[in-house]
Amino acid sequence: MAEKKIVVKGMSCGHCAGAVTKTLETTEGIKNVKVNLATGEVTYEEVNPVDTATISAKIKKAGYEVVG
């Protein structure tokens, strides 16, 4: 399993972090999501490869933006 890291813009509270966590944890192939609200960094493990465009689209649909 590979640990990946992304930066998500627009999170400002625990609810935001929870929404991003839930969005990623319900994506097939992703587990162990951790959100650092202070830095916007989100780490997760890929059980199976997941396209970054898919991750970005899901996070955008939840109301946030992947930076970089």
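Colleague: How many bridges join β2 to β3?
Modeller: Five bridges join β2 to β3, and the two strands run antiparallel; strands count as paired if DSSP finds at least two bridges between them. The model is predicted, so local features need pLDDT of at least 70 and side-chain atom pairs count only at pLDDT 80 or more, whereas totals for chains, interfaces and linings use all residues. Residues are numbered from 1 along each chain as its sequence is written, and side-chain values use heavy atoms, with hydrogens and water left out.

Colleague: And what do you count as a strand or a helix?
Modeller: Both are DSSP runs numbered from the N terminus, with at least two residues of E for a strand and at least four of H or I for a helix.

Colleague: Which residue is the bridge partner of Lys 31 in β3?
Modeller: The partner of Lys 31 is Glu 45, while Lys 34 stands opposite Thr 43 in β3. Thr 43 is also the bridge partner of Lys 5, and six bridges join β1 to β3, which run antiparallel.

Colleague: What lies between β2 and β3 in the hairpin?
Modeller: Four residues lie between the two strands of the hairpin, and Gly 40 in the turn has a positive phi of about 80°. A positive phi also occurs at Asn 32, where the value is near 55° although the residue is not a glycine; Asn 32 lies in strand β2 (residues 30-36).

Colleague: In what order do the strands form the sheet?
Modeller: Four strands form an open sheet in the order β2-β3-β1-β4, with antiparallel pairing. The edge strands, each pairing on one side only, are β2 and β4 (65-67), and neighbouring strands are turned by 35° against each other on average, direction ignored.

Colleague: Why is β3 described as largely enclosed?
Modeller: Because five of its six residues are buried, β3 is largely enclosed by the rest of the structure; buried means under 20% relative accessible area, exposed over 50% and partly exposed in between, with a 1.4 Å probe and protein chains only. Val 42, in strand β3 (residues 41-46), has a relative accessible area of 0% and is therefore buried, whereas Asn 32 is partly exposed at 36%.

Colleague: What is Val 42 in contact with, leaving aside its neighbours within four places in sequence?
Modeller: With contact taken as heavy atoms within 4.5 Å, the partners of Val 42 include Lys 4, Ile 6, Val 8, Met 11, Val 20, Leu 24 and Val 33.

Colleague: Which residues touch the most other members of the largest nonpolar core?
Modeller: Of the 15 residues in this core, those are Ile 6, Val 8, Leu 24, Val 42, Ile 55 and Ile 59; a nonpolar core is a set of buried Ala, Val, Leu, Ile, Met, Phe, Trp, Tyr and Cys residues joined through side-chain atoms within 4.5 Å. Helix α1 gives the most to this core, with three residues. Leu 24 touches, among others beyond four places in sequence, Ile 30, Val 33 and Tyr 44.

Colleague: Back to α1, which strands does it lie across?
Modeller: Helix α1 lies across β1, β2 and β3, running at about 165° to β2, where axes are lines fitted to C-alpha atoms, for helices over the stretch in contact, and angles run from 0 to 180 degrees between N-to-C directions. Thr 21 in helix α1 counts as buried at 17% relative accessibility, and leaving aside neighbours within four places in sequence, Thr 21 is in contact with Val 33 and Val 35.
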